[in-house]
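Please view the sequence and the structure together before reading on.

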Amino acid sequence: MTRKVLPASLAVLLTVPLAAGCGGDANAGDSGTVTVTVGYQSKTINTVTAGTLLRSLGYFERELAARGKRDGMTYKVKWQDYATGAPITAQMTAGKIDIGSMGDFPLLINAARGKQLNRPTKLVSVTGYNLRGALNTVVTGPGSKLLSLADLRGKKVSTSVGSAADGTLVRALQRADIDPEKDIRKLNQQPAVGASALQAGSADALSQFVAWPGLLAFQGRARALYDGAELNLPTFHGVTAREEFARKRPAVLEDFLRAQADATEYLNKQPVAAAESVAKATGLPPEVVYLYNGANGLSTFGPALKPALVDALKKDVPVLKSAKLVGNVDVDAFVDEQYVKRAYGDGYAKALATAPEPARSEVWLKSGTTRSFATAAELLRQVAAQQGQVRAAYVPDATTGTLWFADKAVWVADGTKLLPFVTPSVAAAYTSGHPGARTLPYAEALKQAS
């Protein structure tokens, strides 16, 4: 699906909204103009192929320009940026946004609200996913004495209620026999507010979604406490569309999904360029974007509605029901893959069957080149040999496979082996089961590897 990108001037022209046919009605105004309104979350970088990156590439505008020539119509795109999925759902159920992207838990709320208000929506594609759940992380302050979930009893934990990160927190606490309603003090806060609360000490921990945990760790403002991959349950973000819009403008929705597929191909083939582009658009450090969206990143991107992800969505419903955020949600009725199937054509079956490869250690040099390694020890040797030339280094957790910054990982020496872990608790579980294994500082791990 690779096509040439439109010239920047044309892409800009096509993104300027006109009054006629504006926002969400999917009808052409008297001027013959149709405006498609897309809600996205620029800094939720697991959605970039349907938002930040897609917008910067101009692929959707290109598709609509071609359609306009065929139809004799003018199609415009109106992009609306939000911090979370909740306001996108509010705007969709008000008929003001046609297409939106958000996480799995917000998607269920989107489905429930749409049905409740007689403005039904459909899940039409996936943006990025992690089959173990590593996109959500609980973090504490860098000098915190909290080392495990058990330490959260009686503590104040910030999260965004109804988000995927909140779902991870609830499930993790329940598995640890901690009542998420009674045994902690949950603070319902937007990600940026929660990050500030953690730094100010008014929150003891923060449970958030991509890219907040990685950003705070990279900045030295937080340390990972719980890796969502320990749940071993898929988490993802996806694209939802108003059913009325999809019914009236199915070809336009397919144009969007073709553009999304092309943006996905671009990200997968040019991960460094994509990370730099997203970083420029969002203000996020490129090293943080690459942690999630890089060649070995935490997110796997692909629009196909994989059965494993749909099944995971069904398992999310009881969590939201117990929090009284939704009633019954018919996931099978909400999922509609007809549009992405048509957008992909014969390639959909292959996309559906494609599985992510295990993460590898990777170094990103200041020269702009990247190199991956079979083991973390090999990466350490490379980093030690190129001191001052390394922009970022990433290693997968030895237990969960979750990619993390090498200098923020918890390192364990087990004989001649050097093993990285995202959290102290997982590292402690390993050392307790391996006599002689010990944790060591990153600087010592580098020295031992070189």
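**Helix packing and sheets**

Helix 11 passes helix 12 in a right-handed crossing; a crossing is left-handed if the near helix is turned anticlockwise from the far one by less than a right angle, and right-handed if clockwise. The model is predicted: local features need pLDDT of at least 70, side-chain atom pairs count only at pLDDT 80 or more, and totals for chains, interfaces and linings use all residues. Residues are numbered from 1 along each chain as its sequence is written, and side-chain values use heavy atoms, with hydrogens and water left out. Helices (H or I, at least four residues) and strands (E, at least two) are DSSP runs, numbered from the N terminus.

**Helix 11 with helix 12**

- Helix 11 (residues 271-282) packs on helix 12 at an angle of about 130°, and their axes are 8 Å apart; axes are lines fitted to C-alpha atoms, for helices over the stretch in contact, and angles run from 0 to 180 degrees between N-to-C directions.
- That angle makes helix 11 oblique to helix 12; angles under 35 degrees count as roughly parallel, over 145 as roughly antiparallel, 65 to 115 as roughly perpendicular and the rest as oblique.
- On the helix 11 side the contact (heavy atoms within 4.5 Å) uses Pro-271, Val-272, Ala-275, Glu-276, Val-278 and Ala-279, which meet Pro-286, Val-289, Tyr-290 and Asn-293 of helix 12.
- The residues of this contact divide into eight nonpolar, one polar and one charged; Ala, Val, Leu, Ile, Met, Phe, Trp, Tyr, Cys and Pro count as nonpolar, Asp, Glu, Lys and Arg as charged, and the others, Gly among them, as polar.

**Helix 3 with helix 10**

- Helix 3 (residues 59-71) and helix 10 (residues 250-269) pack with their axes 8 Å apart, at an angle of about 140°.
- Helix 3 is therefore oblique to helix 10, and the crossing of the two is right-handed.
- Residues of helix 3 in this contact include Tyr-59, Phe-60 and Arg-62, and those of helix 10 include Asp-255, Arg-258 and Tyr-266.
- The contact residues of helix 3 and helix 10 comprise nine nonpolar, no polar and six charged.

- Four strands form an open sheet in the order 13-12-14-15, with antiparallel pairing; two strands pair if DSSP finds at least two bridges between them.
- Strand 13 (370-373) and strand 15 (403-405) are at the edges with a single partner strand each, so one side of each has no neighbour in the sheet.
- On average, neighbouring strands of this sheet are turned by 20° against each other, direction ignored.
- Strand 14 (residues 390-396) is joined to strand 15 by three bridges, and Val-395 has Trp-404 in strand 15 as its bridge partner.
- Helix 12 (residues 286-293) lies across strand 12 (361-365), strand 13, strand 14 and strand 15, and runs at about 30° to strand 14.

- An open sheet with antiparallel pairing has the strand order 17-16-18.
- Strand 17 and strand 18 (438-440) stand at its edges; each has a single partner strand, so one side of each is left without a neighbour in the sheet.
- Neighbouring strands here are turned by 35° against each other on average, direction ignored.
- Five bridges join strand 16 (residues 410-414) to strand 17, with Ala-413 paired to Leu-418.
- Strand 16 and strand 17 form a hairpin with two residues between them, and Gly-415 in the turn has a positive phi of about 65°.
- Strand 16 is joined to strand 18 by three bridges, and Trp-411 stands opposite Leu-440.
- Four of the five residues of strand 17 (residues 417-421) are buried, so this strand is largely enclosed by the rest of the structure; buried means under 20% relative accessible area, exposed over 50%, and partly exposed in between (1.4 Å probe, protein chains only).
- Helix 18 (residues 424-432) lies across strand 16, strand 17 and strand 18, at about 10° to strand 16.

**Loop residues**

- Val-335 is in the loop between helix 14 (331-334) and helix 15 (338-344), and counts as buried at 17% relative accessibility.
- Val-335 touches Leu-123, Leu-305 and Val-310, not counting residues up to four places away in sequence.
- Most residues other than glycine have a negative phi, and most peptide bonds are trans.
- Asp-177 has a positive phi near 60° and is exposed at 64% relative accessibility.
- Lys-324 also has a positive phi, near 60°, and is exposed with a relative accessible area of 74%.
- The peptide bond from Val-210 to Ala-211 is cis, with omega near 10°; Ala-211 is in the loop between strand 8 (205-209) and helix 8 (212-218).
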